[in-house]
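Dear colleague,

I am passing on the structure that you asked about, and below it I have written out what was found. Please keep it open beside you as you read.

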Amino acid sequence: MSCNCCGAERLFNLKAAKKELKKYRKSGAGKPTQALIDSLNASESKGQTLLDIGGGIGAIQWDFLQNGGKQTTDMDYSDGYLEVAKSYAKENGWSDQTVFRQGDFLEEEDSIENHDYVTLDKVICCYPDYHGLLTKALNKTNHTIGMVYPMGGSIAKFVAFFVILFLKLSGNSFRPYIHPVSSIRQTVLDEGFKSVHSSVSFPWHVEVYRRI
Ligand SMILES: C[S@@+](CC[C@H](N)C(=O)[O-])C[C@H]1O[C@@H](n2cnc3c(N)ncnc32)[C@H](O)[C@@H]1O
């Protein structure tokens, strides 16, 4: 594992994944994830493919398949999250339509084919090199990319300060990153996409872009 992901396996572990799945079964996806799902317009996903980078327990994938999506790929470096997502797919009869890949997307992207939709739900903040991550994710996108990432500004930095302090005190080398919002947006536009949705689910930006 590269140091893009240092300490993440301790944070995004099997115990955390099981807890999240329990919550998902009870009350569905969390607010920012649901906002992204709604803005992706799943009714158009019939016969389409989705690459969910850092897909967690898979909430976006399950909605995509329920709405007629053809196939999903979940690329995550957390074994625990993948295990939970895989068993949920099996339980729902989606094993033939789902691909689960373990690893760091930045290192594995050469071996991943293009998908119609790509999603990055709370993943940009896990990467120091957001430009590299985004550019590579955009290259894998046939037409639509959706992302949830932290709002910038002093409140986000204040929250991040305490998260980092907690991680340091617990001896975890994982670090979240608050990247500049304007540079994130410019990177997407420079790659030939236009904005089709932008909203806030505090403290996250929820955005969808379509290839021009
Ligand atoms: C904050 S969680 C978000 C999970 C899910 N997308 C959600 O919103 O519930 C970040 C996820 O991204 C994964 N992740 C972070 N960096 C990654 C990388 N470089 N390659 C693959 N997966 C990554 C983590 O393992 C974790 O499952």
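Strand 2 and helix 6 (105-108) each supply at least two residues of the shell around the ligand, where helices (H or I, at least four residues) and strands (E, at least two) are DSSP runs numbered from the N terminus. The shell has 20 residues, of which Gly-54, Gly-56, Ser-78, Asp-121 and Cys-126 come nearest to the ligand, a residue being near if its C-beta atom, placed from the backbone, lies within 6 Å.

Please bear in mind that this is a predicted model, in which local features need pLDDT of at least 70 and side-chain atom pairs count only at pLDDT 80 or more, while totals for chains, interfaces and linings use all residues. Residues are numbered from 1 along each chain as its sequence is written.

Strand 1 (residues 49-53) is largely enclosed by the rest of the structure, because five of its five residues are buried, that is, they have 20 or more other C-beta atoms within 10 Å of their own, with C-beta atoms placed from the backbone. Thr-49, Leu-51 and Ile-53 point one way from this strand, whereas Leu-50 and Asp-52 point the other way.

Which strands pair with strand 1 in the parallel sense? Strand 2 (residues 71-76) does so over five bridges, with Thr-49 opposite Gln-71, and strand 4 (residues 115-121) does so over four bridges, with Val-118 as the bridge partner of Leu-51; pairing here requires that DSSP finds at least two bridges between two strands.

With best wishes

Conventions:
A residue is buried if 20 or more other C-beta atoms lie within 10 Å of its own, exposed if 12 or fewer, and partly exposed in between; C-beta atoms are placed from the backbone.
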